[in-house]
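Open the model in your viewer and keep the selection tool ready. The tour goes from the whole chain to the core, then to the pockets.

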Amino acid sequence: HDPVTGQFKTFDHLQGGTDVRVYSLHVHEGALYAASEQGISFLADPKAEFQSMEVPISGGVAVYELETKDKDLWAASRYGLYVHQPSGWKSLKEVSGKDVPEAFAVAVPSVVYHDTSLYWISGDKIMLKPRKQQPLVLTERAGAFRLRFDGDILYIGFHDGVTAYDMNRRLWTDIKLEDGIPGTFVQTFTINGGKLWIGTDAGVERINIRPYLP
């Protein structure tokens, strides 16, 4: 959308084709990146078109989410967690020197950095890897699909609700559909200005989250 003209422009060509499902958008190094079912594309200039980016696995791979740490671009993909550096794509094992089976050849739907620690979802596990330390399992619970931070609060999206984890106090708070949120399936969520927005199959619910946190 161009705020000057009020006009919209549609970008319908990604990864050499049309009708490509886009899972998420991310701004990295001044360009807009699209994580899609066929890999990664980027838009350096709104007046140009999306360009395909080399993917970490030969032949293409579904990429669900992207995250930036300094100049590194992390990709949560169908076949693991990878990071793009000036020398190319590398696995978490290659950059950390540690064997991390929860980040290789498994579906990773979400990845996020907080301070110097890396967080990602691997199966039923929420993984945490502090800098220069071994990875840890923060918690185990089925159905996690997204991670987001608001300050020192980690929010985890599940199909039946959203869970908040206070990193300092190590306390958990569950906000579930059964608490009165309309719908039967959580599809997305975001946090902005102390408000938790939850998108379900029946609409959007806005919650002032701070009174519910410990």
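Here are the stops, in order.

**Ground rules**

This is a predicted model, where local features need pLDDT of at least 70, side-chain atom pairs count only at pLDDT 80 or more, and totals for chains, interfaces and linings use all residues. Residues are numbered from 1 along each chain as its sequence is written, and side-chain values use heavy atoms, with hydrogens and water left out.

**Whole chain**

Show the cartoon. Along the principal axes, the C-alpha atoms fill a box of roughly 50 × 45 × 25 Å. Of the 214 residues, 44% count as buried, meaning under 20% relative accessible area with a 1.4 Å probe, protein chains only.

**Largest nonpolar core**

Select Tyr155, Ile175, Phe189, Leu196 and Ile198. They have the most contacts inside the largest nonpolar core, a set of 15 residues. Such a core joins buried Ala, Val, Leu, Ile, Met, Phe, Trp, Tyr and Cys through side-chain atoms within 4.5 Å. Now colour β16 (153–158), β17 (161–166), β19 (186–192) and β20 (195–200): each supplies at least two core residues. β19 gives the most, with three.

Centre on Tyr155. Its contacts (heavy atoms within 4.5 Å) include Arg146, Asp150, Phe189, Leu196 and Leu213, not counting residues up to four places away in sequence.

**Largest pocket**

Move to Val95, Tyr113, Lys129, Arg131 and Lys132. Of the 17 lining residues, these are the closest to the centre of the largest pocket. A pocket is an open set of points on a 1 Å grid over the protein atoms alone, with protein on both sides within 12 Å along at least five of seven lines; lining residues have an atom within 4 Å of a point. The volume is about 370 Å³. Select α1 (92–96) next: the largest share of the lining, three residues, comes from α1. By class, the lining has six nonpolar, four polar and seven charged residues.

**Second largest pocket**

Last stop: select His1, Asp2, Thr5, Gln7, Phe8, Lys9, Phe11, Leu43 and Pro46, which line the second largest pocket. About 250 Å³ of space lies there.

Technical notes: Buried means under 20% relative accessible area, exposed over 50%, partly exposed in between (1.4 Å probe, protein chains only). Helices (H or I, at least four residues) and strands (E, at least two) are DSSP runs, numbered from the N terminus. On a 1 Å grid over the protein atoms alone, a cavity is a set of points where a 1.4 Å probe fits but cannot get out, and a pocket is an open set with protein on both sides within 12 Å along at least five of seven lines; lining residues have an atom within 4 Å of a point. Grid points are joined across faces, edges and corners, and a volume is the space filled by probe spheres set on the points. Ala, Val, Leu, Ile, Met, Phe, Trp, Tyr, Cys and Pro count as nonpolar, Asp, Glu, Lys and Arg as charged, and the others, Gly among them, as polar.
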